[in-house]
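Here is a briefing on one structure.

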Amino acid sequence: MAINYFKVINHKFGHNFGDWILKLFAQSITTLLGEYGELFKLERDEFVVLIYEFNDIKEIEKICNEIHRCLKKSFQVTGNEIYISTSLGVTVFPDDSSDPDKLLKFCNFAIYESKHKGKNMCTFFDKQKSQSYFRKILIESELKNSIINNEFDIFYQPQIDALSNKIIGVEALLRWNNDKLGNVFPNEFIPIAEDNGYIVQIGNWVLDKVIYTMHKWKERGTQVDSVAINISPVQLKRSDFKNKLLGLCTKYDIAPSLLELEITEGTLLEICDDNIKVFNQLVESHINIALDDFGTRYSSLSYLASLPVSTLKIDKLFVDGIQHKKNKILIKSIVDLSKSLNCKLIIEGVETEKQVHILNSLGCNIMQGYYFSKPLSKEELENLLANIK
């Protein structure tokens, strides 16, 4: 079991006060358990209850309910009335495992589920649900040394002008290949990296790698008109983001106008006035801003008035259903909107010739997708560009 918001108690009243709470809590639970079981302390706010004998799982449920009922009474400490609650996780020996370490892990997972559901709850371990949790823990662990172990790579997907059949830019896409996990898709590991802060280090690595590659292309005379890089909202909140980005452009002698920073509509919800100032400063330095997945989530059009967006990207979701009349109407509306705002429009996820023809008829000509090219390694892209010449 874990005491909810114990860090808040420590922060507000001090660690000595927190220690008193832990003692009173332990005394209360020990008294409640009586001869049914024993209480053991693990980490600062985590405890384990061992129930040695029971005839039915409902007996365990009853004990958990008694624990929650017991904690409805306040603790009196130095004149302060404190209410606490717990998130409980239950695992059963030997049904779930005979290994003590595994049983503790299973309890932690069940506690995590209780917290996720809203705290002050009890959750019994479920092997099927646990797989995603343990994979998340493994991903988080492996991400720590992913850069040092040289596990990341950048692939590039061409953006095509379907009318002239020319490559007008590329999008840099992060790929991760780990010895234990194999290939892990960005939509799985990026949110985890954002949650624990690793995304800042990873994002800085991506910026350095991509801009250095652009420098090498420039030296060889390889022509790439625009390179789009996906940026996390966590990166944008860093006060040094703008200076680091522009510093890399200076270091590798790359014109900022060749870069396009891609943000999602979800990122807009996390943007404050300071971030908008940073965007304006980046645009003043000739860096372009693209709004990815446009129209799929929040579509807060008010942000288009305040943000200096230069490109709108229509998500694959619209393209997959392009045969439907409503999707065509929506895409045509975005086309007209982009023209009125003087924004470039890019269609993602184009996979068939039929989709190309329909998109062209709707006024879309810049496209990206497997119909034209899968994401390519740096060497594959260089060979493609060389053959085009």
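For the lining classes used here, Ala, Val, Leu, Ile, Met, Phe, Trp, Tyr, Cys and Pro count as nonpolar, Asp, Glu, Lys and Arg as charged, and the others, Gly among them, as polar. The model is predicted: local features need pLDDT of at least 70, side-chain atom pairs count only at pLDDT 80 or more, and totals for chains, interfaces and linings use all residues. Residues are numbered from 1 along each chain as its sequence is written, and side-chain values use heavy atoms, with hydrogens and water left out.

**Second largest pocket**

- The second largest pocket has a volume of about 730 Å³. A pocket is an open set of points on a 1 Å grid over the protein atoms alone, with protein on both sides within 12 Å along at least five of seven lines; lining residues have an atom within 4 Å of a point. Volume is the space filled by probe spheres set on the points, and points are joined across faces, edges and corners.
- Its lining counts 28 residues, and Val48, Val49, Leu50, Thr91 and Cys107 are the closest to the centre.
- Strand 3 (47-51), helix 3 (57-70), strand 6 (86-90) and helix 4 (100-116) each give two or more residues to this lining. Helices (H or I, at least four residues) and strands (E, at least two) are DSSP runs, numbered from the N terminus.
- Helix 4 provides the largest share, 6 residues.
- By class, the lining splits into 22 nonpolar, 4 polar and 2 charged residues.

**Largest pocket**

- The largest pocket has a volume of about 1,400 Å³.
- It is lined by 43 residues; Leu173, Pro186, Asn187, Asn230 and Asp292 lie nearest its centre.
- The lining holds 19 nonpolar, 12 polar and 12 charged residues.

**Cavity**

- The structure holds 1 cavity of 30 Å³ or more. A cavity is a set of grid points where a 1.4 Å probe fits but cannot get out.
- About 70 Å³ of space lies in the largest cavity.
- Its lining consists of Val200, Asn204, Gln235, Arg238, Asp240, Phe241 and Lys244.
- Helix 7 (198-220) and helix 9 (241-251) each supply at least two of the lining residues.
- By class, 2 are nonpolar, 2 polar and 3 charged.

- Cys70 is in no disulfide; the nearest cysteine sulfur, in Cys64, is 13 Å away.
- Cys70 is partly exposed, at 23% relative accessible area. Here buried means under 20% relative accessible area, exposed over 50%, and partly exposed in between, with a 1.4 Å probe and protein chains only.

- Strand 1 (residues 2-3) pairs with strand 6 in the antiparallel sense over 2 bridges. Pairing requires that DSSP finds at least two bridges between the strands.
- Ser87 in strand 6 has Ala2 opposite.
- Strand 7 (residues 122-124) runs parallel to strand 6, joined by 3 bridges. Phe124 in strand 7 is the bridge partner of Val90.
- Strand 6, helix 4 and strand 7 make a left-handed β-α-β unit. A crossover is right-handed if, with the strands pointing away from the viewer, the path from the first strand over the helix to the second runs clockwise.

- Strand 8 (residues 152-161) and strand 9 (residues 166-178) run antiparallel and share 10 bridges. Phe152 stands opposite Trp176.
- These two strands form a hairpin with 4 residues between them; Asn165 in the turn has a positive phi of about 60°.
- Strand 9 is joined to strand 11 (residues 227-230) by 3 bridges, running parallel. Val170 faces Val227 in that pair.
- Strand 9 and strand 10 run antiparallel, with 3 bridges. A hairpin links them through 3 residues.
- Trp176 also stands opposite Val184 in strand 10.
- Val184, in strand 10 (residues 182-184), is buried at 3% relative accessible area.
- Val184 and Tyr212 are 28 residues apart in sequence and 24 Å apart in space, C-alpha to C-alpha.

Technical notes. A disulfide is a pair of cysteine sulfur atoms within 2.5 Å.
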